[in-house]
Amino acid sequence: MMDRSQLREAVPGDAARLSQVLREAFEEYRGRLDPPSSAHDKTEALVMRELRDGGAFVAEADGVLRGCVFFHPKADHVYLDRLAVLPAFRGQGLSLRLMEAVESRARELGHSRVRLSVRLALESHHAWYARQGYGFHSHGTHAGYTSPTFLVLEKTLSAPGHR
């Protein structure tokens, strides 16, 4: 079943709902990740800061935010952050549509690469991102940890209109 959500760029007035979507979408990881996901602590103020540092796309239908993804332009790539879809709306292609929106924005900004981070513990996520063309870039380590806790994955974008 294909999701019928409309994608649009987030606006500051979405911040409270975005923080709620992040907390709900990441709830299943509570107690499963070390260190714990910072998504559990996302406040409206923190979301506003992230919107100012880049932006976000939201998927919405019937006034309900079903998912979101943040992005942060960097010097040589766009960082895709916090891809989140509420559990009730998963499995309908929404994550892919949100990811493609960030990739499209990266091209618009003149970037040919998108990077994201995924926890080492979330192996099913590694496989999903690999199917979308993301490959290993580097390991990352959260502050206070001595060994890697996440992977940085990167995708080199093809020219617009190609996959």
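Me: How do I read relative accessible area, and what is the value for Met48?
Reply: Met48 is partly exposed, with a relative accessible area of 23%. A residue is called buried under 20% relative accessible area, exposed over 50%, and partly exposed in between (1.4 Å probe, protein chains only). This is a predicted model, in which local features need pLDDT of at least 70 and side-chain atom pairs count only at pLDDT 80 or more, while totals for chains, interfaces and linings use all residues. Residues are numbered from 1 along each chain as its sequence is written, and side-chain values use heavy atoms, with hydrogens and water left out.

Me: Where does Met48 lie, and which residues does Met48 touch, not counting residues up to four places away in sequence?
Reply: A contact means heavy atoms within 4.5 Å. Met48 lies in helix 2 and, with residues up to four places away in sequence set aside, touches Pro12 and Ala15. Met48 and Asp14 are 34 residues apart in sequence, and their C-alpha atoms are 8.9 Å apart in space.

Me: How many helices and strands are there in the protein?
Reply: Helices (H or I, at least four residues) and strands (E, at least two) are DSSP runs, numbered from the N terminus. The protein has four helices and seven strands. From the N terminus on, their order is β-α-α-β-β-β-α-β-α-β-β.

Me: What does the radius of gyration say about the protein?
Reply: The radius is taken over C-alpha atoms, and the globule rule is 2.2 Å times the number of residues to the power 0.38. For 163 residues, a compact globule would have a radius of gyration near 15 Å; the protein has 15 Å, so the two agree. The C-alpha atoms fill a box of roughly 45 × 40 × 35 Å along the principal axes.

Me: How many residues has the largest nonpolar core?
Reply: In soluble globular proteins, nonpolar side chains tend to be buried together. A nonpolar core is a set of buried Ala, Val, Leu, Ile, Met, Phe, Trp, Tyr and Cys residues joined through side-chain atoms within 4.5 Å. The largest one here has 43 residues, and Leu18 and Leu80 have the most contacts inside it. Among the elements that each supply at least two residues of this core are helix 1 (15–26), strand 3 (64–73) and helix 3 (94–108). Leaving out residues up to four places away in sequence, Leu18 touches Ala10, Val47, Leu51, Val58, Leu65, Cys68 and Phe70.

Me: How do I read a peptide bond, and what is omega for the one from Asp34 to Pro35?
Reply: The peptide bond from Asp34 to Pro35 is cis, with omega near 0°. Pro35 is placed in the loop between helix 1 and helix 2 and counts as buried at 11% relative accessibility. Apart from residues up to four places away in sequence, Pro35 touches Arg119, His142, Tyr145 and Thr149.

Me: What is phi of Asp62, and what is phi of Arg82?
Reply: Phi of Asp62 is near 55°, a positive value in a residue other than glycine. Phi of Arg82 is also positive and near 55°. Asp62 is in the loop between strand 2 and strand 3 and counts as exposed at 61% relative accessibility. Arg82 lies in strand 4 and is buried, with a relative accessible area of 18%.

Me: Where is the place of His139, and which residues is His139 in contact with?
Reply: His139 is in strand 6 (residues 135–140) and counts as partly exposed at 49% relative accessibility. Leaving aside neighbours within four places in sequence, His139 is in contact with Leu120, Pro148, Phe150 and Leu151.
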